[in-house]
Amino acid sequence: MQVISTATEYDAIYQQWQDQEVALVPTMGALHEGHLALIRLARQVADVVVVSIFVNPLQFGPQEDLSHYPRPLEQDLALCRELGVDAVFTPSVAVLYPEGMDNVTTVVPPVSLTERFCGEFRPGHFTGVATVVLKLFNLLRPQVAVFGEKDAQQLMVIRQMVRDLHLPVRVLPHPTIREASGLALSSRNRYLETEAERRAALSLSAILNRVRLSARQAVQAGQPPLNAETTLGEISREVLAEQSGPGVTIRLQYLAAVDKDTFEPIHTLGANAKVLAAAYVNDVRLIDNMDVE
Ligand code: AMP
């Protein structure tokens, strides 16, 4: 496995791959089973697998966890090696932003996709994401790129960027990988320190699961689809009351139903609904989402 950090080093190995299909898995490192599942999918669909590990400062807000973000590089490289990754690209900030980040050209996704949910609470986040992903596509020239459905709004933004800018990359989604408890795997889960915090973190998947179950039961019973607002309100109150405990505060940032194809908010929990959630468990921000069908 080659570990490289500059475009010149990459160009040299890219040439050797000739006509082989290259799949890219972009990550910020601190790899877990969710990332590994994406890498395995890349391995199945392409001849050559490249994993990028870059904690992109442009997608972090001033109050966010950029400086604390976990960076266990040696462990990440060992995992990539085990999975037969061909190359890991770990550029420095100076390689990706040689002129700094203040005056850099950026990719601004359409407001209709970023004005709500994570985009509302993380201004500039998706511009940072789209910009770095386009840089990685241009530098690494993959034919396929794998992204997780865990970051549903991010996946929408990338897909739209690929369409709008005619990028010659096939975007391949991978379903969310969860712990047996239901908790969606995330590099940020390692910030959950106490048992009470870990228990509280289960609220997100518990809410989404219960919403999905109720919505499906209504359809199976031949009733009209449930009203999204009342169902989400009732179920979240129920779950948050159950999962709260001493020493832990759970604060829902958003909980909403959208059409899974357009990401437009919807008012009933029909077959096309996707439910999105973000919450703070003490000061750890977690996100999750689930399709009703
Ligand atoms: P990150 O390192 O958090 O930027 O994530 C890198 C990629 O892994 C993104 O495409 C994420 O959507 C994906 N990912 C992160 N967590 C999961 C998970 N639990 N299941 C599936 N994909 C995930």
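## Helix 9 and the residue after it

Just after helix 9, Gly222 adopts a positive phi of about 75 degrees. Helices (H or I, at least four residues) and strands (E, at least two) are DSSP runs, numbered from the N terminus. The model is predicted: local features need pLDDT of at least 70, side-chain atom pairs count only at pLDDT 80 or more, and totals for chains, interfaces and linings use all residues. Residues are numbered from 1 along each chain as its sequence is written, and side-chain values use heavy atoms, with hydrogens and water left out.

## Strands 8 and 9

Strand 8 and strand 9 run antiparallel and are joined by eight bridges; two strands pair if DSSP finds at least two bridges between them. They form a hairpin with two residues between them, and Asn282 in the turn has a positive phi of about 50 degrees. Because seven of its eight residues are buried, strand 9 is largely enclosed by the rest of the structure.

## Two domains

The domain assignment, automatic or from a database, gives domain 1 (2–174) and domain 2 (187–288). The contact takes 22 residues from domain 1 and 18 residues from domain 2.

Methods
Buried means under 20% relative accessible area, exposed over 50%, partly exposed in between (1.4 Å probe, protein chains only). Contact means heavy atoms within 4.5 Å.
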